[in-house]
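Student: I would like to go through the labels used for this fold and see what each one rests on. Can we start from the model itself?

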Amino acid sequence: MSDIIMLPGLGGSGEDHWQTLWEHRDPKMRRFRPSSWDRPELADWIAALEREIARSATPPILIAHSLACQLVAHWAPSATKAILGAFLVAAPDPTGKIYLAEAGSFADPPRQRLPFPTLLVASTDDPFGSWDHARYSAEIWGSTLVGVGQRGHINAASGLGDWPEGKTIFERFRAQIG
């Protein structure tokens, strides 16, 4: 069974975030470690992702939230390590009304098909990325798009707890690719 690497967004997905809760329950899941969760630099995050993937005996699965979706899009065209697939959640829109000023180096990710299977989960009321942006991103990246209704940014503030619906969606994706 493949390793699973968690890629939180800005701030690192705190203790009440579903990514953290999933990690605590599954020893196959581990988190990548960039130098800063609060002052993200794209080159540093890419290097941290490469290091974490290199620790896997077989190609891992990535679970990316928010800013980490853009990390995956930036990393993929020049990736030196193989992955099994990427589960992308709540991709932010760098051209939207609200964007993370701290993450300027992540803006303008390459708009091309990702070279591995991907599934993009999106909410219809995400303040960081509209449903239209999610549909466009899924089309460009070659991702299957799954809508989960009104769940905000699909984070701890959305009150999802360990997000059982997301875990079910992830397990279906995992079964399809592995």
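Student: What pattern does the chain follow when read along the sequence?

Tutor: In this predicted model, the chain reads β-α-β-α-β-α-β-β-α-β-α along the sequence. Five helices and six strands make up that count.

Student: What makes the strands a sheet, and in which order do they lie?

Tutor: The order is S2-S1-S3-S4-S5-S6, with parallel pairing, and the sheet is open. At its edges are strand S2 (29-31) and strand S6 (144-147), each of which pairs on one side only. From one strand to the next the twist averages 20 degrees.

Student: How do you know that strand S4 and strand S5 pair?

Tutor: Pairing requires at least two bridges between the strands. Strand S4 (residues 85-89) and strand S5 (residues 118-122) have four bridges, in the parallel sense, so they count as paired under that criterion. Across this pair, Ala86 stands opposite Thr118 in S5.

Student: Which strands does helix H3 lie across?

Tutor: Helix H3 (residues 67-75) lies across strand S1 (4-7), strand S3 (61-65) and S4. Relative to S3, helix H3 runs at about 130 degrees.

Student: Why is Ala48 called buried?

Tutor: The label buried applies under 20% relative accessible area. Ala48 has a relative accessible area of 2%, so Ala48 is buried. Ala48 lies in helix H2 (residues 42-54).

Student: Which residues does Ala48 touch, not counting residues up to four places away in sequence?

Tutor: Ala48 touches Phe32, Arg33 and Pro34 on that count. For Arg33, which is 15 residues apart from Ala48 along the chain, the C-alpha atoms are separated by 5.9 Å.

Student: How much of the chain is buried?

Tutor: Buried residues make up 52% of the 178 residues. As for surface, the chain exposes about 8,000 Å², and carbon and sulfur atoms supply 50% of it.

Student: Why does the radius of gyration agree with a compact globule?

Tutor: For 178 residues, a compact globule would have a radius of gyration near 16 Å. The chain has 14 Å, so the value agrees with the rule. Taken along the principal axes, the C-alpha atoms fill a box of roughly 40 × 30 × 30 Å.

Student: What share of the contacts between residues at least 6 apart in sequence join residues at least 24 apart?

Tutor: The share is 74% in this chain.

Methods. Residues are numbered from 1 along each chain as its sequence is written. This is a predicted model: local features need pLDDT of at least 70, side-chain atom pairs count only at pLDDT 80 or more; totals for chains, interfaces and linings use all residues. Side-chain values use heavy atoms; hydrogens and water are left out. Helices (H or I, at least four residues) and strands (E, at least two) are DSSP runs, numbered from the N terminus. Buried means under 20% relative accessible area, exposed over 50%, partly exposed in between (1.4 Å probe, protein chains only). Contact means heavy atoms within 4.5 Å. Axes are lines fitted to C-alpha atoms, for helices over the stretch in contact, and angles run from 0 to 180 degrees between N-to-C directions. The radius of gyration is taken over C-alpha atoms; the globule rule is 2.2 Å times the number of residues to the power 0.38. Accessible areas come from the Shrake-Rupley method with a 1.4 Å probe; for residues, only the protein chains shown count as cover.
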